[in-house]
Amino acid sequence: MPDLEERACETFQWDIKDWRALDKRVTGPEFEIGGYKWQVVRILLFPQGNNVLDQVAVYLDSAEPREQQDPNWHVCAQFALLMSNPDDPTVYTSHTANHRFTVDEADWGFTRFHEIRKLDTPLDQRGLPLIDKGRTIITAYVRVYNDPTGVLWHNFINYDSKAMTGYVGLKNQGATCYMSSLLQSLFFTNYFRKSVFAIPTADDEPSKSVALALQRVFYQMATSPNAVDTTELTKSFGWTSLESFMQHDVQEFNRVLQDNLEGKMKGTAAEGAIQKLFVGKMKSYIKCINVDYESSRVENFYDIQLNVKGCQTLRDSFANYIDVETLDGENKYQAEGHGLQDARKGVIFESLPNVLHLQLKRFEYDIERDAMVKINDRHEFPLNIDLADFVADGEEKQKAGPDGFNYTLHGVLVHSGDLHGGHYFALLKPERDGKWYRFDDDRVTQATMKEVLDENYGGGEPLENLGAMNLAMRQLNRHKRFTNAYMLVYVRDNAMDEVLKPLQAGDVPEHLQLRLDAERQAIENRRKERDELLLYFNARVISDVDFKAHDGVDLFSPASSAGKILKVRKQDTFATFKSVVAESYGLSEDQIRVWTLVKRQNDTVRTDVPIPDADLNSTMEHVREKYGTRAQPDLKCYIEFADPNGSPKGFPVAGDAPNGAIMIFIKYYDPFASTLEGVGKLFVQKNAKVGDIVPILNERKGFPSNTPLKLFEEIKPLMIEPMKMKSTFHQCEIQGGDIIVFQKELTPKEATELALQNVKTTIPQYYDYIFNRIVVDFKPKNSEDPTLQTYSIELSKKSTYDQVATKLAERLGTDPLHIQFTSASITGGVPKTTIKRSTNLQLQEMLSSGYAHQGNNTHVIFYEKLDISIVELESKRVIKVTWIGSTMKDETTHELMLLKTSTLNGVIEALLPKIKLAPNGTQKLRTFSVYNGKLIKEYGPMDPISNIPDSLSLYVEEIPTDEYERGDTEQLISCVHFTGDLGRLHSVPFKMVIREGERFADLKARIHARLGMSDKDFAKVKFSLCQSTGKINALNDDDILSEVELSSGDVLGLDHVDKSGRSNRLGAEKAIFIRG
């Protein structure tokens, strides 16, 4: 293992004289290697084997743990164990391993070292066995390695980052490792952390304030013993859980976060902190060679993007960045007052910030593939670098002095993976003279310099060399090839003390400490409450009262709030529990009887047996174990109230004998009112006839005693069987806890009239209805319409589309055909797909992809009130069109309803009444579609709308006057927005006229007016000419584009952060936004 630092390597031999005399377990002599005591241990010989019946087992065991008091003691070793012929050591068998020996895992080795039956058998053609006349030699080769990071071969079970390193990680929410790596870097930029703490946030809410949420994360990172959750922070950004599962670009996230915080710092003690830390100045220039003329522009930068491709080292990348281009021949520069001149064009740094964020361009747009690719080339970066050669001579450089641009590496942010996915982690050096650490989500470990530098240069063996490697080497090379530095953080040497100065207690806002300490105390209190809950369980108590009020299947609905939930102490007696229950109903203990409730095999819940007084002194834990079920941790029981007019001897005796008394429950169904109710319970003899209870049931309901009734047994929701009056309860297989439902026998006339009213005339019909009964929440699709509200309507799953529409129309007071339904998404309960009307479509199919609220039977369907019939609507299509007004910022979106056979001319005709054209404009409109910031197509008036897929965004704009009236010599160039590279387009592309001889500064002013951006945001836009050949040229104010020979694929690129939140990477990734 060439990459590891060897401490010691020695060999020990154990000469065994009489193998057969060994015990089943034998411990070899101790020996010492590398300052540690070792022993070959447990040569276990079992005639029948040890777990593995026919194998010798040999292990290497460290004797150290027997003397260790330190639970973190460990030693790392690579070893080989050999068994050889005593006279010829070349006849041997061996096994190798490496292991981290700890107190808990003090031995390691091989259970299947060698077959017992082959020990005396010659090993090869030489005819010598491993054991010869009872003798054999066991040899241990042991190589002990240093463990500079403390985690060599660690299994990370119960690993404590705080205890091992003093630092904690951040929990990954799904794909937030990119964010975690940057936050760790910013956290250890102590001046930045102090400045964040200086933002006033005492009156803010964490979920709505980025500054407060970041303060809380930073405070917890400094004080928490465990990895810190960042969910509150991402909520303050305005992100949903979906955004947390989308990986973004570190550079883009850094820019957006700093832009947000810079605004929060204005007018506070922290104002200017970001400028002081991260902002430098860069000059773009064109300098004539033969005349004294220079055109230049100085702008601020927050980070520097450096090429990796074609650059072997970081210094090469800086040299490439300031590389000078000579403008000569046909490419001469038009210098104001001097005509065409040879010139040099380039950029130079005028000042560098105290903290350098260097973005290595590992991801680039490949114009030939029309796709992003990852650059895995080897690119070396040093611990220390002097950047003075890349700074312009001048006052700033002179003021800085000869050592003013010396920088030391402070952090390496690493990406492991490819273009389509991967993982980010950070390697950071928190203190000036401290150690390096690896921050990998929630785990923090110490890192070696090899891990910081060599392992993140990238590269690896060329693909053509992989065939000669074994599997392990190929896997190692693959990891090395795709794991490389993505962002480097350097700190200026003469500013390091200030940048990394440790924070003091007074730097943390008092309100933050008080609030978080209170929250931690609340968490601790909840933990104690959970521990106390181990002493209790819940008992759900259902009574006669609940049964009588129940209108569904079974004795009660488990999903409802029926009954009482009592917190029961496990060690309380059943007598105490019974007393509490009786008191809760205002009764004495002798007026109630407690029955257990059990779940039968057919999934119904019924009473089982009464808990006898013999258990009054038993603990409730014993009662639960004896009468409850293992499947449910709580206890369910039914409380029977004594009949005030019953026997003075108390409750009837329930028995299991064929002629014994059983308790049955009675329900009554009234078809005229469509209601089902519990009417109590009866004790009946098993050998009594079913018809014997008819007079009792009539009396319960106040009917004449001779009223004919129909009786059914409720076996389970969809198994409601009629009962024969002349059969006994025993013959009907009625047992204790069963439910009998009765109704009046209807006359033919009554049955016919009720059927005409769509009323359920029989008990089985009603049970079918209640089995399929659900409550649907009908929510307005347009939630901003104050005239619409949510309606909760009880329906059957078997209701047809038209029946559902009719029910809702009754509430809305409209025509059912003027309602359109939309299903709800499963993930967010937001409108998803329009439900097409069909007379055979049932509600359960309408809800099949819908959103069910957890914990109840309520479902969601969105609705719209239409001005036209749904029949007419389904012959039309809704087209969403965005009108661009006087500036690109003035967007209004309109939904137009057109016949599916319409053309774009129909779109314009429908749009015109909704928009206002400029009075002095061209009155000429252009219609075009965009997908992820890319222009897809411009449309003519006769193009059918059926050719426009819903995935495209459709835009209409008035053609600008200068474009409409442009002369023959004026060119038209397409303009696109992107962030970092052309593979990450965003916003809406547009066109600009290139006027003859116009300086780019003037064109830029026209672009500013066209976009309608604020001065602050526009100042951050970087302009470049992106040619179809793949070449990208930064533009200066004095450039004249009319003199450039443009190809059809050339575009003017605007590089800036997307604040719109629109999708920007082929629909797979959304632009980062932070709203809080």
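Modeller: Contact here means heavy atoms within 4.5 Å. Helices (H or I, at least four residues) and strands (E, at least two) are DSSP runs, numbered from the N terminus. The model is predicted, so local features need pLDDT of at least 70 and side-chain atom pairs pLDDT 80 or more, while totals for chains, interfaces and linings use all residues. Residues are numbered from 1 along each chain as its sequence is written, and side-chain values use heavy atoms, without hydrogens and water.

The pair I take is α4 (residues 210-223) and α13 (residues 510-533), whose axes come within 11 Å and cross at roughly 65 degrees (axes are lines fitted to C-alpha atoms over the stretch in contact, with angles from 0 to 180 degrees between N-to-C directions). At that angle α4 is therefore roughly perpendicular to α13 (65 to 115 degrees; under 35 is roughly parallel, over 145 roughly antiparallel, the rest oblique). Their crossing is right-handed, that is, the near helix is turned clockwise from the far one by less than a right angle. From α4, the residues taking part are Leu212, Gln215, Arg216, Tyr219, Gln220 and Thr223. They meet His511, Leu512, Gln513, Arg515, Leu516, Asp517, Glu519 and Arg520 of α13. By class, this contact holds four nonpolar, five polar and five charged residues (nonpolar: Ala, Val, Leu, Ile, Met, Phe, Trp, Tyr, Cys and Pro; charged: Asp, Glu, Lys and Arg; polar: the others, Gly among them).

For a second pair, take α2 (residues 177-187) and α6 (residues 250-265): their axes come within 10 Å and cross at roughly 55 degrees. That angle makes α2 oblique to α6. This crossing is right-handed. Tyr178, Met179, Ser181, Leu182, Leu183 and Leu186 of α2 make the contact with Val250, Phe253, Asn254 and Leu257 of α6. Eight of these residues are nonpolar, two are polar and none is charged.

Phenylalanine 641 counts as buried because its relative accessibility is 18% (buried is under 20%, exposed over 50%, partly exposed in between, with a 1.4 Å probe and protein chains only). Beyond neighbours within four places in sequence, its contacts include Val545, Tyr585, Leu587, Ile592 and Phe651. Serine 543 lies 98 residues from phenylalanine 641 in sequence, with 7.7 Å between their C-alpha atoms.

Overall, the protein has 26 helices and 50 strands, and 48% of its 1076 residues are buried.
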